[in-house]
Amino acid sequence: MAQIAVLIVDDQAPFRLAAAAVVEATAGFGVVGVAGSGEEAVLLAARLHPDLVLMDLQLPGIDGWAATRLLTASPSPPAVVVLSGGSVVDVQEQVLESGALCYLAKAAFDRGSLRRAWAEAQGTGGGGS
């Protein structure tokens, strides 16, 4: 099975490192790039063609919502998972409008939630543990 290419987008280096550790520790997934801004995310995605983008919302320049809309409007869009510290109730409508696959709380991001999000992107649900 080919490795699932993941682009991590967050303006905080500690979270980028933590998310990268989770991705690299999850069988079948690998980090292909990291970005600290929405603009950088869009540029890297165009160059690297990730399968999955983990997108923070609070970014310098264009925010995560705008970057997500740009990515999901591309001809071969990656699956985008929105990661933030807020509540899913607060952002659910925006997740759908932006074209993002789903929302995950940063505090709950782990290998299981990564696999479940990817399974959802593939239309298979679940994802196991």
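Five strands make up an open sheet, ordered 2-1-3-4-5, and the pairing is parallel. Strands pair here if DSSP finds at least two bridges between them. Helices (H or I, at least four residues) and strands (E, at least two) are DSSP runs, numbered from the N terminus. The edges are strand 2 (29-35) and strand 5 (102-105), each pairing on one side only. From one strand to the next, the twist averages 25°. Axes are lines fitted to C-alpha atoms, for helices over the stretch in contact, and angles run from 0 to 180 degrees between N-to-C directions.

A word on the source. This is a predicted model, where local features need pLDDT of at least 70 and side-chain atom pairs count only at pLDDT 80 or more, while totals for chains, interfaces and linings use all residues. Residues are numbered from 1 along each chain as its sequence is written, and side-chain values use heavy atoms, with hydrogens and water left out.

Now strand 4, residues 79-84. Is it buried or exposed? Six of its six residues are buried, so strand 4 is largely enclosed by the rest of the structure. Buried means under 20% relative accessible area; exposed is over 50%, and partly exposed is in between (1.4 Å probe, protein chains only). Both faces are covered. Ala 79, Val 81 and Leu 83 are buried on one side. Val 80, Val 82 and Ser 84 are buried on the other.

Its neighbours next. Strand 3 (residues 52-56) runs parallel to strand 4, joined by five bridges. Val 53 has Val 80 as its bridge partner in strand 4. Strand 5 also pairs with strand 4 in the parallel sense, over four bridges. There, Leu 83 stands opposite Leu 104 of strand 5.

On to the helices. Helix 2 packs on the sheet and touches strand 1 (4-9), strand 2 and strand 3. Its direction makes about 135° with that of strand 2. Helix 3 packs on the sheet too, touching strand 3 and strand 4. The direction of helix 3 makes about 160° with that of strand 3. Contact means heavy atoms within 4.5 Å.

How do these two helices meet? Two packed helices are described by the angle between their axes and the distance between the axes. For helix 2 (residues 38-48) and helix 3 (residues 64-72), the axes come within 9 Å and cross at roughly 15°. That makes helix 2 roughly parallel to helix 3. The cut-offs: under 35 degrees is roughly parallel, over 145 roughly antiparallel, 65 to 115 roughly perpendicular, and the rest oblique. Helix 2 contributes Gly 38, Ala 41, Val 42 and Ala 45 to the contact. Helix 3 contributes Ala 67, Leu 70 and Leu 71.

Gly 38 sits in helix 2. Gly 38 is buried, at a relative accessible area of 0%. Leaving out residues up to four places away in sequence, Gly 38 touches Leu 59, Pro 60, Ile 62 and Ala 67. Its C-alpha is 8.9 Å from that of Leu 57, 19 residues apart along the chain.

Then Phe 109, in the loop between strand 5 and helix 5 (111-121). Phe 109 is buried, with a relative accessible area of 9%. Beyond four places in sequence, its contacts include Val 22, Leu 54, Leu 83 and Leu 104. Phe 109 and Val 22 are 87 residues apart in sequence, yet 8.1 Å apart C-alpha to C-alpha.
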